[in-house]
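Please walk me through this model in the viewer, one selection at a time. I would like to know what to pick next and what is to be found there.

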Amino acid sequence: MSRKLLWGIVAGVLLVAGYLYWVDQGRGHFAAVGDCVANPKSGQLVHVSCGSAGALRVLAKFSGDDSNQCDAVDGTTQAFVEYPKGAAAFVLCTGTANGAAKK
């Protein structure tokens, strides 16, 4: 196999891996019901252990950007509207991690 072909294959693999990483960027913070998150000063939600100080448990998740939907969810203390790159907006209804039951 020639060096040009080998380098072409390597470049192609790196290009595909880079694209997949780029597509997946920002999706790691998508929380599901029952997950625990925190809202550090950066303003972006991050997954945390439910025993962490300041942890919030996700009680419900709704499509769209109407945070008023969280008013009907028992135990909600904070609502977060997320606008992920390349995906539809959604709302996370959160409550304190301690004592909040998973749904």
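Start by selecting alanine 32, which is partly exposed with a relative accessible area of 38% (buried means under 20% relative accessible area, exposed over 50%, and partly exposed in between, with a 1.4 Å probe and protein chains only). Alanine 32 sits in the loop between α1 and β1, where helices (H or I, at least four residues) and strands (E, at least two) are DSSP runs numbered from the N terminus.

A note on the model before going on. This is a predicted model, in which local features need pLDDT of at least 70 and side-chain atom pairs count only at pLDDT 80 or more, while totals for chains, interfaces and linings use all residues. Residues are numbered from 1 along each chain as its sequence is written, and side-chain values use heavy atoms, with hydrogens and water left out.

Now colour the protein chain by secondary structure, which shows one helix and five strands in the sequence pattern α-β-β-β-β-β. The five strands form an open sheet in the order β2-β1-β3-β5-β4, with antiparallel pairing; two strands pair if DSSP finds at least two bridges between them. At the edges of this sheet are β2 (46-47) and β4 (78-82), each of which pairs on one side only.

Select β3 and β5 next, which pair in the antiparallel sense over seven bridges. Within this pair, lysine 61 stands opposite leucine 92 of β5, and phenylalanine 62 has valine 91 in β5 as its bridge partner. Strand β1 (residues 36-38) also pairs with β3 in the antiparallel sense, over two bridges, and there cysteine 36 faces arginine 57 of β3.

Stay on β5 and pick threonine 94, which belongs to this strand and counts as buried at 0% relative accessibility. Leaving out residues up to four places away in sequence, threonine 94 touches Val37, Leu56, Arg57, Val58, Leu59, Gly75, Thr76, Thr77, Gln78 and Phe80, a contact being heavy atoms within 4.5 Å.

Next, show the side chains of Ala31, Val37, Leu45, Leu56, Val58, Phe80, Phe90 and Leu92, the eight residues of the largest nonpolar core. Such a core is a set of buried Ala, Val, Leu, Ile, Met, Phe, Trp, Tyr and Cys residues joined through side-chain atoms within 4.5 Å. The elements that give two or more residues to this core are β3 (56-63) and β5 (90-96). Apart from this core lies another, of six residues, among them Leu59, Ala60, Val91 and Cys93.

What does phenylalanine 90 contact, leaving aside its neighbours within four places in sequence? The partners of phenylalanine 90 are Phe30, Lys61, Phe62, Ser63, Gly64, Phe80, Val81, Glu82 and Pro84.

Finally, turn to helix α1 (residues 3-24) and select valine 10, which lies in this helix and is partly exposed, with a relative accessible area of 34%.

To close, consider the chain as a whole: buried residues make up 26% of its 103 residues, and among contacts between residues at least 6 apart in sequence, 47% join residues at least 24 apart.
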